[in-house]
Every structure is written in structure tokens, then in C-alpha cells.
Amino acid sequence: MAGFLDRAKEQARHGLEQGKQKVEEVQAMRAGNDLLRKLGAAYYAEKRGSGSDEVTQQALSALEAHIATHGDGFLRG
């Protein structure tokens, strides 16, 4: 009986770790999408004359830092 409980406990732990990893992936994708949206808004504002190159460059740098840390999977869909 102890072996069964140990296996069940290990499976539960493994399931929790997989769930946590998936949540982190979803959060990283949402953050990447938000940064991409901010870059688009900054670029649009700059082209319309109400934004600045500095804001666009800051948004681009933030997006590039996110990609360096989490990858570019959010760009694919």
C-alpha cells in the first residue's frame, strides 16, 4: 500500500509541476503580446506625429529583452 501511495504522490507532484510550467508559459505569452501591442501603438503614434522615436525604441528594447528571456513563441500565434 505504501508503494501505491508513493507513486500517487509522485504523480500528483509531477502534475502540479506541469501545471505550474504551463501557467508560466501562458503568462509569458500574454506579457509578450502586451509588449508587442505597446510597440505597435508607439510606432503608430510616432508615424502619426504624436509619438517619439525614443518611446518606440524603449518599446522595442523591452520586447527584445522579453524575447531573449522567454523566446519568440508568442509571435507565432
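I began just after helix H1, where Gly 49 takes a positive phi of about 95°. Helices here are DSSP runs of H or I with at least four residues, numbered from the N terminus.

I noted that this is a predicted model, in which local features need pLDDT of at least 70, side-chain atom pairs count only at pLDDT 80 or more, and totals for chains, interfaces and linings use all residues. Residues are numbered from 1 along each chain as its sequence is written, and side-chain values use heavy atoms, with hydrogens and water left out.

**Entry: H1.** I looked up the length of H1 and found 47 residues, reaching 69 Å from the first C-alpha to the last. That is close to the 69 Å expected at 1.5 Å a residue, the expected span being 1.5 Å times one less than the number of residues. I then listed buried residues (under 20% relative accessible area; exposed is over 50%, partly exposed in between, with a 1.4 Å probe and protein chains only). In H1 they include Ala 28, Gly 32 and Leu 35. The buried residues of H1 pack against H2.

**Entry: His 66.** I found His 66 in helix H2, which covers residues 53-70. Is His 66 buried or exposed? His 66 is buried, at a relative accessible area of 8%. I checked its contacts (heavy atoms within 4.5 Å). Leaving aside neighbours within four places in sequence, His 66 touches Ala 28, Ala 31, Gly 32, Leu 35, Gly 71 and Phe 74.

**Entry: salt bridges.** I counted four salt bridges, each a side-chain nitrogen of Lys or Arg within 4 Å of a carboxyl oxygen of Asp or Glu. Asp 34 lies in H1 and is partly exposed, with a relative accessible area of 28%. Which residue forms a salt bridge with Asp 34 at 3.6 Å? I found Arg 37, with that distance between the closest N and O atoms. Arg 37 is exposed, at 54%. Asp 34 also meets Lys 38 in a salt bridge of 3.4 Å, N to O. Asp 34 and Lys 38 are four residues apart in H1, so about one helical turn separates them. An α-helix has 3.6 residues a turn, so residues three or four places apart point the same way.

Elsewhere, I found a salt bridge between Asp 72 and Arg 76, with the closest N and O atoms 2.7 Å apart. Salt bridges that share partners join Asp 34, Arg 37 and Lys 38 into one network.

Conventions:
Helices (H or I, at least four residues) and strands (E, at least two) are DSSP runs, numbered from the N terminus.
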